[in-house]
Amino acid sequence: MSEKWIFDFIAIFPELIKPFLEVGPLKKVIEAGTLEVRLFDLKKIADSPKQIDDYPYGGGPGMVIKPEPLKRAIEKTGGGYVIYFSPQGDRLTQELAHRLIEKRHIVFICGRYKGVDERIVEKYVDLELSIGDYVLSAGEIAGIVVLDVLSRLLPDAMGDMDSARTDSFESSLLDAPYYTRPREFEGMEVPEVLLSGNHKLIEKWRKREALKRTLLKRPDLLENIDLSPEEKKLLEEIIKEVLAHEGPHNKGN
Ligand code: SAH
């Protein structure tokens, strides 16, 4: 038997997730049978009472998702590692994503309004997961992000696994810059080395650019990685070059 994953989404509007299942790496892993995504609609699951949200005890604005329909939905999934999307949770990183796909069956709970009744978190949730330090109005949005990140890590998701391996964060470095045809665009030439056909030189150039970008854009990432002696030497050269010519820049500012 080949490896298989099941991701379940419990949400008030799970249909928001559906279009993303029909394109890209997600479509590929689903068609290959590597991933099964099941959507559990709280509106349909709640029957007696039909209500899925209610006013918070103690007053205040906003609604809270009731515990009974959530419990029923969790039971319907048949068990799995239960994740509740919450801005208060562990922050998603590429490294955490790698650890999460070790769980073959994950049940994702998407909150809305003020969130879910805390007793669900206490009793049924294995991990609270945040996609960043900001507040979304819907867990479905976090669900789409997490689904995309995780699906790229499954076997055969990417046409070319090497493409995923060189992406930012996979090696703890940011990715190198990319160029495609035409060779000249608005007076700007593609770096000569990329046209050389010399794969060793190209690889070295990419490594150098990855180190340089990480140094300039995300120096914090360099604190946590073990560089090879060759990479250390490259980095020293880059630091000298940057100090001599440029000074830090960040186009975002
Ligand atoms: N009252 C909550 C926020 C509720 S936001 C609090 O302050 O902690 C409504 C829902 O959106 C949440 O239940 C959660 O499922 C989702 N959500 C909001 N921000 C998120 C984030 N940064 N990461 C993941 N999910 C988030």
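Guide: Let us begin with a term for exposure: a residue is buried under 20% relative accessible area, exposed over 50%, and partly exposed in between. Lys 43, with a relative accessible area of 32%, is therefore partly exposed. Please bear in mind that this is a predicted model.

Visitor: With which residue does Lys 43 form a salt bridge?

Guide: Side chains of opposite charge can pair when their charged atoms come close. Here the partner of Lys 43 is Glu 15, and the closest N and O atoms are 3.9 Å apart. The pair links distant parts of the chain, since Lys 43 belongs to helix α2 (residues 42-45) and Glu 15 to the loop between β1 and α1 (24-31), 28 residues apart. Glu 15 is partly exposed as well, at 41% relative accessible area.

Visitor: How many salt bridges are found in the whole structure?

Guide: The search finds 18. One of them joins the side chains of Lys 66 and Asp 54, at 4.0 Å from N to O. Lys 66 lies in the loop between β4 and α3 (67-76), and Asp 54 in strand β3 (residues 53-54), twelve residues apart.

Visitor: Is Lys 66 buried or exposed?

Guide: Lys 66 has 13% relative accessibility and so counts as buried, whereas Asp 54, at 28%, counts as partly exposed.

Visitor: Which residues are linked in a network of salt bridges?

Guide: The network consists of Arg 208, Lys 212, Glu 237 and Glu 241.

Visitor: Let us turn to pockets. How much space lies in the largest pocket?

Guide: Rolling a probe the size of a water molecule over the atoms shows where empty space is left. In this model the largest pocket holds about 830 Å³. Its lining comprises 35 residues, and those closest to the pocket centre are Val 64, Tyr 84, Lys 114, Gly 115 and Val 116.

Visitor: Which element gives the most to that lining?

Guide: That element is β5, with five residues. Other elements that give two or more residues include α5 (118-124) and α6 (139-151). By residue class, the lining divides into 19 nonpolar, eight polar and eight charged.

Visitor: Finally, into which domains is the protein divided?

Guide: The division is into domain 1 (5-151) and domain 2 (184-250). Taken over C-alpha atoms, the centres of domain 1 and domain 2 are separated by 39 Å.

Notes
Residues are numbered from 1 along each chain as its sequence is written. This is a predicted model: local features need pLDDT of at least 70, side-chain atom pairs count only at pLDDT 80 or more; totals for chains, interfaces and linings use all residues. Side-chain values use heavy atoms; hydrogens and water are left out. On a 1 Å grid over the protein atoms alone, a cavity is a set of points where a 1.4 Å probe fits but cannot get out, and a pocket is an open set with protein on both sides within 12 Å along at least five of seven lines; lining residues have an atom within 4 Å of a point. Grid points are joined across faces, edges and corners, and a volume is the space filled by probe spheres set on the points. Helices (H or I, at least four residues) and strands (E, at least two) are DSSP runs, numbered from the N terminus. Ala, Val, Leu, Ile, Met, Phe, Trp, Tyr, Cys and Pro count as nonpolar, Asp, Glu, Lys and Arg as charged, and the others, Gly among them, as polar. Domain bounds come from an automatic or database domain assignment. Buried means under 20% relative accessible area, exposed over 50%, partly exposed in between (1.4 Å probe, protein chains only).
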